[in-house]
Amino acid sequence: MGLDIIVTIPKNRLQQVEAEEAEVAKRIKAGERDIVYWWSIPSEPVERVERIYFVWNGAVRAWHEIIEIEHLDDVRVYMKPEIHMLKKPMPMRGFRGWQYF
């Protein structure tokens with residue numbers, strides 16, 4: 001069993017990310033398959049990771065299942081497009097980079 005990682009959605013990107021999530025949800029509802037969805041991180045995790053959690057507005061609020069991690073010019077975490085919102089957000093301050101969760 002792998003670990004999970006957690007990242008922060010910066011305030012200046014939150015509106016963009018919310019718009020992307022809404023667009024992806026619309027595409028899923030329309031039956032589209034093979035949606036490529038990814039998040040960039042500064043370095044590759046050493047351990048195998050299964051999920052990526054997101055912090056914004058002072059709490060961990062959602063996660064995506066990880067499909068693969070690829071090192072190109074940056075490190076891309078490819079995710080299944082379905083977002084899983086936490087029923088009860090967990091308070092956490094934002095931070096730079098990523099960490100194991």
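Author: Happy to! Let's start with Glu23, which is partly exposed at 37% relative accessibility (buried means under 20% relative accessible area, exposed over 50%, partly exposed in between, with a 1.4 Å probe and protein chains only). The model is predicted, so local features need pLDDT of at least 70 and side-chain atom pairs pLDDT 80 or more, while totals for chains, interfaces and linings use all residues. Residues are numbered from 1 along each chain as its sequence is written, and side-chain values use heavy atoms, without hydrogens and water.

Glu23 has a salt bridge to Lys26, with the closest N and O atoms 3.6 Å apart (a side-chain nitrogen of Lys or Arg within 4 Å of a carboxyl oxygen of Asp or Glu). Both residues sit in helix α1, 3 residues apart, about one turn of the helix (helices are DSSP runs of H or I with at least four residues, strands runs of E with at least two, numbered from the N terminus). Lys26 is exposed, at 54% relative accessible area.

Now look at Glu21, also in helix α1, which spans residues 11-29. Glu21 is buried yet has no salt bridge, and Arg13, the nearest side chain of opposite charge, is 9.5 Å away (Lys and Arg count as positive, Asp and Glu as negative; His and the chain ends are not counted). What the Glu21 side chain does have is a polar contact of 3.1 Å with the side chain of Tyr37 (N or O atoms within 3.5 Å, one able to donate a hydrogen and the other to accept it; residues adjacent in sequence count only if both atoms are side-chain atoms). Beyond four places in sequence, Glu21 touches Tyr37, His64, Pro81 and Ile83 (heavy atoms within 4.5 Å).

The largest pocket has a volume of about 370 Å³. Here a pocket is an open set of 1 Å grid points where a 1.4 Å probe fits, with protein on both sides within 12 Å along at least five of seven lines; lining residues have an atom within 4 Å of a point. The volume is the space filled by probe spheres set on the points, which are joined across faces, edges and corners. Of its 22 lining residues, Val17, Glu20, Glu21, Tyr37 and His64 are closest to the centre. Helix α1 gives the largest share of the lining, 9 residues.

Elsewhere, Arg27 and Glu32 meet in a salt bridge of 2.7 Å, N to O, with Arg27 partly exposed at 27%.
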